[in-house]
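Read it alongside the model.

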Amino acid sequence: MKNSDPNWFLRARLKTRQLLLLIALDDTRNIHRAASELNMTQPAASKQLKDLEDMLGVSLFERLPRGMRPTIYGEAMIRHARMALTSLSKAHEDIVALKSGLSGQVDVGVILSPGMALLPPAIARVKEQAPMLRIGVEVESSNILLSRLLHGELDFIIGRILDEEARSGLLYEELADEPVCAVARVGHPFHTRDDLTLADLAGEAWIMAPKGSILRARCDQMFREQGLAPPSNVVDTTAILFITSLLQQTDFLYAMPTEVARYYTQARLMDILPIELPCRMAGFGIITRQDNLLSPGANLVLQAIREVAKMIY
């Protein structure tokens, strides 16, 4: 097999059964149990594994006295096997959905800010054109969403690529950056001030994203760049229901993406303080896998997201 041959699996007649065997071996770490799960004999499973290893020219599993363990080559092959089978499963789901008069399934991952401001109106647009299109939405941090995207569990995500090394195999289309504002309870004394400065806020009690998060780092940097120590009277959390409740019951302050804050101010759960913070989050955008061909339904959702993004940002 030539390493540069992109169609080696066709020439080698790679079987779906071999992909299933790789996953079963990864789950059970035992050739006998893996064969049993796939209703195969142990000799047949051993032969299929050996054929695959001979094909690739590497050992995929270490044979141990009591079981098996994937080598680095095995771990790579297992990851791609899972992605391939997930893609085939989705293809079957799409065919079944189309035969039933539906339009398939689209799974989207999104970080909080565009999840509140961008995705809802985009989905509303899509539903006007394709009311039977099933859309799954997962709201999480960028790192978690990227992992799910790389495992083939999401069609695309709206988030950030935080690590330059993680860009390999991904396509990134920036939509906007993310300004940050300070919020407090409705009726907080600071809302009547028209001369608020960052120095006025530094000594107050704050709710902050945990240390190590992007938002916390940007907020701490904001204070330091103004020659101020970051707030020391701090509650660390990202739980938005707890944050909302604590803000309503105290004079705590909180820094959050402006688009998210606007949603909560419209509901009168908090108000934005009359100060422009010199703080912005890194840009976010549409992230897709370079090797993934999107379904018509996914492209329809993407088109709507781009259209709404132009209006909002």
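Is Glu153 buried, partly exposed or exposed? Glu153 is partly exposed, at a relative accessible area of 34%. Buried means under 20% relative accessible area, exposed over 50%, partly exposed in between (1.4 Å probe, protein chains only).

This is a predicted model: local features need pLDDT of at least 70, side-chain atom pairs count only at pLDDT 80 or more, and totals for chains, interfaces and linings use all residues. Residues are numbered from 1 along each chain as its sequence is written, and side-chain values use heavy atoms, without hydrogens and water.

**Overall form**

The C-alpha trace of the protein chain spans about 80 × 50 × 35 Å along its principal axes. Of its 313 residues, 45% count as buried.

**Salt bridges**

The whole structure holds 22 salt bridges. Each pairs a side-chain nitrogen of Lys or Arg with a carboxyl oxygen of Asp or Glu within 4 Å. Three of them follow.

| Pair | N to O distance |
|---|---|
| Glu153 and Arg148 | 2.6 Å |
| Glu259 and Arg262 | 2.9 Å |
| Arg289 and Asp291 | 3.1 Å |

Arg289 is buried at 10% relative accessibility, whereas Asp291 is exposed at 57%. Shared partners also link Asp26, Asp27, Arg29 and Arg82 into one network of salt bridges.

Arg148, the partner of Glu153, is partly exposed at 27%. Glu259 is partly exposed at 21%, and so is Arg262 at 42%. Glu259 and Arg262 sit three residues apart in helix H12 (residues 258–266), so about one helical turn separates them. Helices here are DSSP runs (H or I, at least four residues), numbered from the N terminus.

Definitions and conventions. Helices (H or I, at least four residues) and strands (E, at least two) are DSSP runs, numbered from the N terminus.
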